[in-house]
Amino acid sequence: MNRLVPAALLLVALAGCGGDAEPPEPGPSPVPLAQQSLPGTDRRECVTVPGDARNVRSGQFIAGDFVEYRRQWTPGLAPGIGKIYWLPARPQPNTPLTITATSGGGRVEHYTGGSLSYNDGGQAMYPSGVPLPAAGTWKLVAQAGDDWGCFELTVPG
């Protein structure tokens, strides 16, 4: 059975599709189901990044791509290389991301992530360059507002 939509109803429905309207404010970014079984924990504790893990969860962050990071890493890595992305559980616009990296020997490096943006899947994320200066195990503590995560990453020498 064919049904015709009255023209007036169609016009009312299309009236809300104009290009002049402001885009809606982004809401909370739900973690995609594919990421629910990631290594790590949603508790506020440090997690060891497994050697074969691309993405790992700690606290309110999912971070990665650790496989690619390890592949690209060399001593004296130039700024802009050594990228890690950080997906916050509760994105807060205009809230900066800070990363504190502490080596096993106690050396401390501080980094600031880029502005909160959205990836192709609509997930809120912070890009960052983390050019760790030396091989070894580093504790990376990320914080943006109330979101926190801690990742123990070993880069080979």
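pLDDT is the predictor's confidence in each residue, from 0 to 100. This is a predicted model, in which local features need pLDDT of at least 70 and side-chain atom pairs count only at pLDDT 80 or more, while totals for chains, interfaces and linings use all residues. Residues are numbered from 1 along each chain as its sequence is written, and side-chain values use heavy atoms, leaving out hydrogens and water.

**View 1. Confidence along the protein chain.** The chain has a mean pLDDT of 81, with 76% of its residues at 70 or more. Helices (H or I, at least four residues) and strands (E, at least two) are DSSP runs, numbered from the N terminus. Over residues 1-29, pLDDT stays under 50. Where pLDDT is low, the predicted coordinates should not be read in detail.

View 2. Leu140 lies in strand 10 (residues 136-144) and is buried, at a relative accessible area of 0% (buried means under 20%, exposed over 50%, partly exposed in between; 1.4 Å probe, protein chains only). Beyond four places in sequence, its contacts (heavy atoms within 4.5 Å) include Ile84, Trp86, Ile99 and Phe151. The C-alpha atoms of Leu140 and Ile99 are 6.4 Å apart, although 41 residues separate the two in sequence.

**View 3. An aromatic cluster.** Phe61, Phe66, Trp86 and Phe151 form one aromatic cluster. Rings of Phe, Tyr and Trp (its six-membered ring) pair if their centres lie within 6.5 Å; planes under 30 degrees apart count as stacked, over 60 as edge-to-face and the rest as tilted. The structure holds three aromatic pairs. One of them, Phe61 and Trp86, is edge-to-face because the planes stand at 85°, with ring centres 6.3 Å apart.
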